[in-house]
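Hello,

Here is the structure you are taking over. My notes on it follow below.

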Amino acid sequence: MAVQTIFPVTRIHEPLRADIEVQAGKVTDAWLGAHLFRGMESMMLNRDPRDAALFTQRICGICSSAHSIAASMAQQQAFGVHPTPTGQHLTNLIYAADIIQNNLRHFYVLVLYDYVKGPDIPPYVPRAQTDYRLPPKVSEELLQHAKQAARKAVQAHEAMAVFGAKAPMQQTILPTGVTEQASGERIMAYSSILQEITEWVENVHISDVLTIAEYYQDYYSIGAGYGNFISVGMFPAPLTGDRSFPAGLVINQGQPETLDVNHFAEEIRYSWYNGDGAGHAPIQAGPGPNRDKPEAYSWIKAPRYKELPVECGPLARGFISGDYRRGVSVMDRLIARARETLKICKLAQGFVAAIVPDTPSFQRYTQPDSGAGVGLTDAMRGVLGHWLEYKHNKVTHYQIITPTTWNFSPRDNRGVRGPVEQALIGTPIAAEGELIEAGRVIRSFDPCFTCAVHLFKK
Amino acid sequence: MLSRRDFLKLCMSAALTAGLTEQLLPIMRQAFAERKLTKPPVIWLELGSCTGNSVSLDNAVNPTFYQVLHDMIDLRYHWLLNAAQGEQAVQALMDTVEQESGNFWIVVEGSVMTADNGRFNHIFLRGNEMVTGLAALREFAPRAKHVIAVGTCACFGGPAAAYPNPGGAKGVWDVIKQPVINIPGCPSHPDWITGTFSHLLMYGLPQMDSYNRPKMFFGQTIHDLCQRRQQYEDGIFAAFPGEKGCLYKVGCKGPVTHADCPKRQWNHYVNWPVRAGAPCIGCAGPGFPDSTMPFYEHLPDVHTPLGALNVKKIGAAAVGLGAAATGVHFITGVMTRRVGKNWLEGTKPQETDQPENLEQLKQELDDLIRQQNALISESKSLAKNKVKRRLPRTFRKKVVDFFRPGPKHRR
């Protein structure tokens, strides 16, 4: 028995420590620990509830718009207001552009160098020595595409800034819409960028992912995990609120079921927070930090749905919407993400077409003195929820559950592994010093620990 | 190679035509080719951050971030980009520190978590030792040629240090003794980062203000450069974000925020908050976010035992800070620590954390007001001369139009 530690696991957002037990060339157990604690939720207390969207998106620089949207949904409910049709479309457009940006950067900046040798300069050297299977010509072509992808991701952020003012950390989303005008000129600017990206994703990105999959076919059977999936949906339509990606739950790769957010609970036996009692719902106050807790090994809590560990992200949405159900593995996650990118490009084209230029993109409102609301949307990497309560225009409760907490949770109160810990089990390891295979499994989830670590403290 | 004067001109005006990076890289390439410069080895440490500044730098335009990597710096360690993981990556980091001692740059993204002796933020494993961000920074900084803080978190604590700051987040310059170059912004604009890097490479330290921010990017307030400035002067104010008119009354912090966003704009000059109808939230300022919240409330008059201070006076003092550069740390203290956190309608409960010494505070405020009065009288005398310097109307209009982003930059 040998436990090896990778810290930092690179090419992911923020500090992740992976302790991996390898026996006879296979992973037999794994512990994943996040190592940054900021406590953003406690910072929201006593602030003006209107500031939630602008402040909480600072949790994450890679998917800032997701937090902003979840927070403004919570505000909408708390203030009793609704977005204007144009406002909703513009919000969706900002979000679509950010997702495209995230997905392109995830594959071409973070994932690619697990499979392709990069240029011979830092930071691409040093690198693992084993298991680069692509012929040099294909490899070279992918590296060229990576350069193009970098440009496309920049353009996606430009599209986001057309209505979002700047990216990352867009600044225009309000509870009733977006402060930027839906002028013809702006709509044209967005749609021309979108058009270009859509073509590129369709022609290049998807085939690049499939190229990798072709040379690494064994990764169709590595990194399976539980096969439990969850999504709260994303891209609500104006007025009806129907979501382009539906909410739902899948247990053990079965049929989608209805989701009830009241079954969310966070457990903390193995997390550096006081206490180890029963899981608490996000509308309840949570415990404060305790770095010296003996059993604990992560700042991440263990969110569970009816005590079940569940995976979220593009593959989960694929299973729930029926878009992608080939199986559960490293490659399935990468392919589902690429396909979803294309789907979102096309959805965004629909949103653009639905906008009537120069219609109001927001409306004035005054918030009531007190209120409460929940904002739920899927982020790029999965289920995101913001729970907000305020009295006399001061926030009295703020709680966030983020995607990476679901996927990268440590063991729960019953000692059951988190989804990624489970997905690592059985991964074959060729060179024990390098663990490149474990890195591939971890990166297929698009982890981001910036957002994952949080607390609530009264 | 460009003269420094031309370089500064380029930095301050690049936004009018194209990306700064785009214009700088050919110059850098040539300088490297002629062996006038060598690429600096760079260690990029991410501490209590959100990765937003790395993502923003990825948005450097035309050429891309790839070319910045290839043509400007030698990025030895950046965990978002290192192909190696775990021990191998840490080895690359340590090799750089050993072999390039006195030569490498440290770029820090994110604030330094100091609570519990830094244990709220471990960043790598060396041997069997978990190394905290705080310890790594303190160990490496004395051996670095330059320490550069990128983003408001690394500069001043930023959102990670918002009250009650359970992680004890602090700006880099609060925890190490070496001089730090601060490039704030939440996130920092890619031009600000690449521009500062280029200046360091070609001419050494740029001219900086009292917050150690390069003046070429942070020398003026948003308010001074704003396209909606005329509406402020004319008294046309928006009553709700997104409406026409100056956004001051719906919370714009432009008057107290030093940055060139209005001129430079964001994401390949597509847009910037005030243009899009969103008030500036002061994200490049040292007090962000505590001293600029609530974001949708305008800066209130600050009532002190010595009379009311309003936003104009604070703005004037802030401008003064930029101009006077050094020797005004007492005002800095008052503005960021005292006024920022105790008087502005922030989040801190009024009864706790009173200033430790009222006498001292009174003295500081007194000095501040004296300083302001001096500034106001100075600006009045400047205003008198201004009349003579007025340009003919048509020519002025041309100049104004030139600085206003035209259709070709709007996309």
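Helices in these notes are DSSP runs of H or I with at least four residues, numbered from the N terminus. This is a predicted model, in which local features need pLDDT of at least 70 and side-chain atom pairs count only at pLDDT 80 or more, while totals for chains, interfaces and linings use all residues. Residues are numbered from 1 along each chain as its sequence is written, chains are lettered from A in the order in which they are written, and side-chain values use heavy atoms, without hydrogens and water.

The annotated site: the "binding site" annotation in the unreviewed UniProt entry covers Cys63(A) and Cys451(A); such annotations may be inferred rather than shown by experiment.

Cys63(A) sits in the loop between helix 2 (52-56) and helix 3 (64-79) of chain A. Cys63(A) is buried, at 2% relative accessible area (buried means under 20%, with a 1.4 Å probe and protein chains only). Leaving out residues up to four places away in sequence, Cys63(A) touches Asp98(A), Met380(A) and Arg381(A) (contact means heavy atoms within 4.5 Å).

Cys451(A) lies in the segment after helix 11 (436-443) of chain A. Its relative accessibility is 2%, so Cys451(A) also counts as buried. Beyond neighbours within four places in sequence, Cys451(A) is in contact with Ile59(A), Cys60(A), His67(A), Thr402(A) and Thr404(A).

Regards

Key: Helices (H or I, at least four residues) and strands (E, at least two) are DSSP runs, numbered from the N terminus. Buried means under 20% relative accessible area, exposed over 50%, partly exposed in between (1.4 Å probe, protein chains only).
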